[in-house]
Amino acid sequence: MARKEVFEHLKKAILFVCALLAVLILIDYTYSSSQTTEKVISKNRRLENKHSVARNYYYAYYLNTESYQIPVTKKFRDKAQEGTILQLEISLLFNEINKVTISASGESEVYSFRMASGLFLPSLVLLILGIGWKLGDKIATLVFVSQVVLLANFFFLLFN
């Protein structure tokens, strides 16, 4: 087998593995392995530094339970009082919180970063990989960058 043929087979194998990882992350986001009930112990707001032209800080809001520190929006944090019972949907593979629901009111929320890392990014990568499979080397840089971002997201989910 010529060197070029081996390289082409390796590129296709890497594309296939990255597509499988993207599908795995999508499955993890879509299906919950368990639902658990937790009581809010405390609520807090943390000042986060952000070095930008518009503002140098922002507030991050959290609900603390016995087992988790759950990032939420300000509106959701204000609705959940200390002692409120929360229903948490835990993801199948990476044990991430997919959805938080206040038991009494039924109001729920999905953390935006979880949606981005579990739904939008893998879907976008699958789209880019599919186009890259058809177009070949014409968008090789975009395919490579999307593969690197997908791997970084996978390791973040794995070790977080």
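Reader: Happy to start! What should I know about the model and its numbering?

Author: Residues are numbered from 1 along each chain as its sequence is written, and side-chain values use heavy atoms, with hydrogens and water left out. The model is predicted, so to speak of local features requires pLDDT of at least 70, side-chain atom pairs count only at pLDDT 80 or more, and totals for chains, interfaces and linings use all residues.

Reader: How are two packed helices described?

Author: By the angle between their axes and the distance between the axes. Here, the axes of helix 1 (residues 3–30) and helix 4 (residues 140–159) come within 10 Å and cross at roughly 45°. Helices are DSSP runs (H or I, at least four residues), numbered from the N terminus. Axes are lines fitted to C-alpha atoms over the stretch in contact, with angles from 0 to 180 degrees between N-to-C directions.

Reader: Which word describes how helix 1 and helix 4 lie to each other?

Author: They are oblique; under 35 degrees counts as roughly parallel, over 145 as roughly antiparallel, 65 to 115 as roughly perpendicular, and the rest as oblique. The crossing of helix 1 past helix 4 is left-handed, with the near helix turned anticlockwise from the far one by less than a right angle.

Reader: How many aromatic pairs does a search of the whole structure find?

Author: There are 5. Rings of Phe, Tyr and Trp (its six-membered ring) pair if their centres lie within 6.5 Å; planes under 30 degrees apart are stacked, over 60 edge-to-face, and the rest tilted. Phe154 and Phe155 are edge-to-face, with centres 5.6 Å apart and planes at 65°. Phe155 and Phe159 are stacked, at 6.1 Å and 10°. Phe94, Phe154, Phe155 and Phe159 form one aromatic cluster.

Reader: Is Phe154 buried or exposed?

Author: Buried, at 13% relative accessibility; the cut-offs are under 20% for buried, over 50% for exposed and partly exposed in between (1.4 Å probe, protein chains only). Phe155 is partly exposed at 43%, while Phe159 is exposed at 65%.

Methods. Helix = DSSP H or I, 4+ residues; strand = E, 2+ residues; numbered from the N terminus.
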